[in-house]
Amino acid sequence: MAAFEDTFTEAVDTLLTAHTPDVGTAWTLQSGDNTNLMVRALNDTLVSTSVTITLVTSDELGDPDCYVEAELATLSSQNGRYVVLRAQDATNFIGWILAGTGGAGMRLVKVVGGSTTNLLTMQGVTGRVYRIEAEGSTLRFYEDGVQQGSDITETAFQTETKQGIRANSSLSTLDFISTYNADVLGGGSGISIAVTEVKSNRID
């Protein structure tokens, strides 16, 4: 179990900031419009409903070495919807975005002052889980648990500890993601091994 988990399940359409996650405390508006991100009850997905650049974060993990992952709900271009970690603010972060339907549509990016640099590009697939891991100056990107490409060296935002969702300034009511998880590395998704001392009495 991760420190923060959400399957976006509601009986009626609900603002993300008024929605209670499955595991964790709350979604918190950091900047932008509180009405921008909404949980759609019809099919339990997250959608964007405003034109204001908005950053909403999950529970603060307190550690920049962390991961964030989400299940992609559609192959339609998301026009600036990002799943982010190491977020300084709404225009400075590491994140993934579905920018199109082609072979470079799914992108791991660095955004600095609103300027985007592609770190990795690939084909996105609906229903698959995309995960960013950040460890020191190393980033890794996964699709359904399989690393895509090689480790990426990136020194930006190494002390930032926020993760969540960033929505851009263009309106889209398309489904975005259907699950979201975040934790520190070695947290709930890791393997714990307990060592037990074994004693024996020897008789010669």
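Are Phe4 and Trp27 buried or exposed? I found Phe4 to be buried, and Trp27 as well; buried means under 20% relative accessible area, exposed over 50%, and partly exposed in between (1.4 Å probe, protein chains only).

**Basis of the entries.** I worked from a predicted model, in which local features need pLDDT of at least 70, side-chain atom pairs count only at pLDDT 80 or more, and totals for chains, interfaces and linings use all residues. Residues are numbered from 1 along each chain as its sequence is written, and side-chain values use heavy atoms, with hydrogens and water left out.

**Aromatic pairs.** I noted eight aromatic pairs in the structure. Rings of Phe, Tyr and Trp (its six-membered ring) pair if their centres lie within 6.5 Å; planes under 30 degrees apart count as stacked, over 60 as edge-to-face and the rest as tilted. One of the pairs is Phe4 with Trp27, edge-to-face at 5.0 Å centre to centre and 85 degrees between the planes. Phe4 lies in strand 1 (residues 4-6) and Trp27 in the loop between strand 2 (14-15) and strand 3 (28-31), so this pair ties together parts that are 23 residues apart in sequence. Strands (E, at least two residues) are DSSP runs numbered from the N terminus. I also looked up Tyr82 and Phe93, an edge-to-face pair with 5.0 Å between centres and 70 degrees between planes. Tyr82 is in strand 8 (residues 82-89) and Phe93 in strand 9 (residues 92-98), 11 residues apart. Both Tyr82 and Phe93 are buried. Phe4, Phe8, Trp27 and Tyr180 make up one aromatic cluster.

**Salt bridges.** I recorded nine salt bridges, each being a side-chain nitrogen of Lys or Arg within 4 Å of a carboxyl oxygen of Asp or Glu. Among them, Glu69 bonds to Arg131 with the closest N and O atoms 3.3 Å apart. This pair links distant parts of the chain, with Glu69 in strand 7 (residues 66-72) and Arg131 in strand 12 (residues 129-135), 62 residues apart. Arg131 also forms a salt bridge with Glu133, at 2.9 Å between the closest N and O atoms. Arg131 counts as buried because its relative accessibility is 14%, and Glu133 is buried at 12%.

I then examined Arg140 and Asp151, whose side chains meet in a salt bridge (3.3 Å, N to O). Arg140 counts as buried at 16% relative accessibility, whereas Asp151 counts as partly exposed at 43%. Glu69, Arg131, Glu133, Glu135, Arg140 and Asp151 are linked in a network of salt bridges.

**Charge over a ring.** The charged end of Arg131 sits over the ring of Tyr67, 3.6 Å from its centre; the criterion is NZ of Lys or CZ of Arg within 6 Å of the ring centre and within 35 degrees of the ring normal.

Notes:
Helix = DSSP H or I, 4+ residues; strand = E, 2+ residues; numbered from the N terminus.
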